[in-house]
Amino acid sequence: LMDGSADTSSYVLVALAAAVLLGSMWNLVTALKVAHLPGPFMLPIFGNVLSVTSEPWGQFARWHEQFGKIYRFGIWNLNMVAVCDPDAIKAILSTEKHKFTKDEWTYDTF
């Protein structure tokens with residue numbers, strides 16, 4: 001292939017590999033921040049997405065029973081913390097409200 005398409009394909013593959021590597025590193029850094037919290041085993045890349053796709057609220061309730069009022073879980077490469085205690089939620093939202101914005105995906109999905 002003398003038209004340069006092989007070179008372009010190589011650059012695309014290298015860029016894709018770099019993006020996956022950077023995403024994985026970011027996921028690891030954020031996961032370390034919540035690693036001390038109890039929570040379900042998370043698959044690499046997928047997290048717990050396979051556990052919550054069919055019945056998210058039921059799964060969240062089961063995890064609450066299993067892991068307590070505050071637990072961690074992952075959806076794809078997003079590390080999340082569930083807070084199931086009204087007093088803790090009130091304290092968090094009264095002091096850190098600016099950090100929690102409403103997004104359409106979360107509200108539409110769950």
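Trp63 is found in helix 3, where helices (H or I, at least four residues) and strands (E, at least two) are DSSP runs numbered from the N terminus. The model is predicted: local features need pLDDT of at least 70, side-chain atom pairs count only at pLDDT 80 or more, and totals for chains, interfaces and linings use all residues. Residues are numbered from 1 along each chain as its sequence is written, and side-chain values use heavy atoms, with hydrogens and water left out.

Trp63 has a relative accessible area of 4% and is therefore buried. Buried means under 20% relative accessible area, exposed over 50%, and partly exposed in between (1.4 Å probe, protein chains only). Contact is defined by heavy atoms within 4.5 Å. Apart from residues up to four places away in sequence, Trp63 touches Pro40, Asn48, Ser51, Val52, Gly68, Tyr71 and Phe73. Trp63 and Ala82 are 19 residues apart along the chain, and their C-alpha atoms are separated by 9.4 Å.

Helix 3 has 12 residues, which should span 16 Å at 1.5 Å a residue; the end C-alpha atoms are 16 Å apart, in agreement. The expected span is 1.5 Å times one less than the number of residues. Pro56, Gly58, Gln59, Phe60, Trp63 and Phe67 are buried in this helix. Their cover includes helix 2 and strand 1. Just after helix 3, Gly68 adopts a positive phi of about 105°.

Phe73 lies in strand 1. Its relative accessibility is 6%, so Phe73 counts as buried. Leaving aside neighbours within four places in sequence, the contacts of Phe73 are Pro40, Met42, Asn48, Phe60, Trp63, Leu78, Asn79, Met80 and Ala82. Phe73 and Pro40 are 33 residues apart in sequence, yet 6.4 Å apart in space, C-alpha to C-alpha.

Trp63 and Phe73 both belong to the largest nonpolar core. This core has nine residues: Val49, Val52, Phe60, Trp63, Phe67, Tyr71, Phe73, Ile75 and Ala82. Two or more residues each come from helix 2 (49–52), helix 3 (56–67) and strand 1 (70–75). A nonpolar core is a set of buried Ala, Val, Leu, Ile, Met, Phe, Trp, Tyr and Cys residues joined through side-chain atoms within 4.5 Å. In soluble globular proteins, nonpolar side chains tend to be buried together.

The second largest pocket has a volume of about 200 Å³. On a 1 Å grid over the protein atoms alone, a pocket is an open set of points where a 1.4 Å probe fits, with protein on both sides within 12 Å along at least five of seven lines; lining residues have an atom within 4 Å of a point. Points are joined across faces, edges and corners, and the volume is the space filled by probe spheres set on them. The lining has 15 residues, of which Asn27, Ala31, Met42, Leu43 and Asn79 lie nearest the pocket centre. Helix 1 (residues 5–34) gives the most, with five residues. The lining divides into nine nonpolar, five polar and one charged. Here Ala, Val, Leu, Ile, Met, Phe, Trp, Tyr, Cys and Pro count as nonpolar, Asp, Glu, Lys and Arg as charged, and the others, Gly among them, as polar.

Ile45 is found in the loop between helix 1 and helix 2. Ile45 has a positive phi of about 70° although it is not a glycine. Its relative accessibility is 60%, so Ile45 counts as exposed. Leu93 lies in helix 4 (residues 86–96). At 41% relative accessibility, Leu93 counts as partly exposed.
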